[in-house]
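Dear colleague,

Please find below the structure that I am handing over to you. My notes on it follow directly after.

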Amino acid sequence: MNPPPCTVRRGSGYGREVAVLRTATDHRSSALKFVCCAILVGAMLVGRSISAVEPSTAEMHVRLTPANSLEMVFAVIPAGDYLRGFDTANRRERDFDIIHQYSNKQNFKNETPAHRTVITQPFALGVTEVTVGQFRAFVRATGYQTDAERNGGALGCFPDEKNYVDRFRKAPEITWKTPGFTQSDAHPVVCVSWNDAQEFCGWLSKKERATYRLPSEAEWEYACRAARSTWYSWGESPDEAYRHANVADGALEAAQPQTTQFQRAVRLGADDGDGAVFTAKVASFRPNPWGLYDLHGNAWEWCQDRWSANVYEQYFTGVPRQERANVAVRDPLFVEETDQHKYGDWRSMRGGAWTCAPAAVRASIRTFAEAADASVYTGFRVVREMP
Ligand SMILES: [Ca+2]
C-alpha cells in the first residue's frame, strides 16, 4: 500500500537507477527517450552531472483523471527524480533576506542537505485538498467522529487574545464542522488529525475499490515542485505569492491586527493580499505547472511519514565529501520510531497554510504534529495508487 521504506543508493548506483527509470516510463515519445538517453550517457561520460537530467522531468506529461464518486480529480504524476530539500549550494546570504529578514541557514536545517530523490512509481495525487463536502460525505456514510470531536476540540484561532501564543489554543467548540470561521463545502477540511485522514482513506479505498492514502513527504515535494528547484513552483519571488497561494496577507492583518507579526516578506496593507482571511475555497489560485492547486498555503497537509528533523542528514552519514553528489534516495518514506516518538506519534506536514508568511509555504519547508492533533490550519490531500 505504501511506498517501501527508504533505501539509499550511493556511489555509481545513481546513474544506473536513472537509466532503469527512463526505460520504465513508457508514455513518453521515442524522441524524448532518445534525448533522455543521450543526456544520461553524456552525464555519465562527464562524471555524472546530475543537473543534466533534470529538464526531462519538466517535460513529463501530466494528465488528469475523471472525477471519482466524491468528485475528486487526480493528476497522474509520472515516475521521475528531483532534488529534494533546500539546496544551499548556490545560495548567497542575501538570498535569505528575500524570504525573511531574520532568516539564516540555521532556519532551514531540517530541509538540508538537499539530495537527489527518485520516485520509481507513478502515482495519482488529488489536484486539491480534501474538501469539507468530501469529508462530510465520509462522516455521513460512517458516523465517524474525529479525534477533535472526541478529545476536547481542535486548536482554534482566537484573535481577541492579547497574548499572541494564546490566539491559537485548543477549545471544545472547534471542530471540522465549526472551525471558528465560515466554510462552504468547497473549502479545505481542517481540524482533522492524521488519524482522521487515515480513516478517510480507508473508507474511500473500500468505496472506490482502489488504494487511497496520504502522500509520502517525498511524493508531496516532487509534485509540489513540478520539476522546479526554486523556493516555489512559480519561482523565487514571495511577491508573487498572492496570485498563487492563500497565505497570511493584508486581509488577515486587517481582520486580526498583529496576527501577521512574523510576516515580513510581502506587503500587508489593507489592499494587499490574496483576499482570504482564513481558508480559501480550493483551487481559488493558480495551479502549479502540473495542474495541482494550493500545495503552497491554504492548509498544511498531512503526509504519511513519521517526523524526523535530521532524516536528510542521515542519508549522508559516512559519505565522503567527494561522493556526496552521488547520494540518491529511492522512494523515501520515514517510518522509524525515534526517541522523539516516545512522546507521541509525530507525523510530517507540508506546504504551509493561511496562517503562514510566504517564507513558510516554500516547497521544501517541513513541520510536524502529533497524529491525534487537529488545528484550524491543517488538512490533507490524498494519493490514489496507480493499478
Ligand atoms: Ca490569506
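Against which helix do the buried residues of helix 5 pack? The buried residues of helix 5 pack against helix 7 (194–208). Before the details, two remarks on conventions are in order. This is a predicted model, in which local features need pLDDT of at least 70, side-chain atom pairs count only at pLDDT 80 or more, and totals for chains, interfaces and linings use all residues. Residues are numbered from 1 along each chain as its sequence is written.

**Confidence and overall content**

The average pLDDT of the protein is 82, and 79% of the residues score at least 70; pLDDT is the predictor's confidence in each residue, from 0 to 100. Over residues 1–56 the pLDDT is below 50, and this stretch has 71 contacts in the model beyond near neighbours in sequence. Two residues are in contact if their C-beta atoms, placed from the backbone, lie within 7 Å.

The protein has 11 helices and 15 strands. These elements are DSSP runs numbered from the N terminus, helices being H or I of at least four residues and strands E of at least two. Of the 387 residues, 46% count as buried. A residue is buried if 20 or more other C-beta atoms lie within 10 Å of its own, exposed if 12 or fewer, and partly exposed in between, with C-beta atoms placed from the backbone. Among contacts between residues at least 6 apart in sequence, 77% join residues at least 24 apart.

The buried residues of helix 5 (132–142) are V132, Q134, F135 and F138. They lie on the same side of helix 5, because they cover an arc of only 165 degrees around the axis; the arc is that of the directions from the helix axis to the C-beta atoms. R140 and A141, on the other side of helix 5, are exposed. G143 follows helix 5 and has a positive phi, near 70 degrees.

T128 sits in the loop between strand 6 (123–126) and helix 5. Is T128 buried or exposed? T128 is buried, because 22 other C-beta atoms lie within 10 Å. Leaving out residues up to four places away in sequence, T128 touches V282, A283, Y293, D294 and R381. T128 and V282 are 154 residues apart in sequence, yet their C-alpha atoms are 6.1 Å apart in space.

The largest nonpolar core holds 91 residues, of which L125, C191, V192 and A223 touch the most other members. Such a core is a set of buried Ala, Val, Leu, Ile, Met, Phe, Trp, Tyr and Cys residues joined through C-beta atoms within 7 Å. Apart from neighbours within four places in sequence, L125 is in contact with F74, A75, I77, P215, A223, L292, R381 and V383.

Helix 8 (residues 217–225) is mostly covered, with nine of its nine residues buried. Among them are E217, W220, A223 and R225. Just after helix 8, A226 takes a positive phi of about 50 degrees.

**Strand pairing**

Two strands are taken to pair if DSSP finds at least two bridges between them. Strand 5 (residues 115–119) has five of its five residues buried. H115, T117 and I119 point one way from strand 5, while R116 and V118 point the other way. Strand 4 (residues 80–84) runs antiparallel to strand 5 and is joined to strand 5 by five bridges, with G80 opposite I119. Strand 5 also pairs with strand 11 (residues 328–330), in the parallel sense over three bridges; there, A328 is the bridge partner of R116.

Strand 9 and strand 15 (residues 383–385) run antiparallel and are joined by two bridges, with V383 as the bridge partner of R213.

Another open sheet has four strands in the order 13-12-10-14, with mixed pairing. The edge strands are strand 13 (366–370) and strand 14 (378–379), and each pairs on one side only. Strand 10 (residues 300–306) runs parallel to strand 14, and two bridges join them. In strand 14, G379 is the bridge partner of E301.

With kind regards
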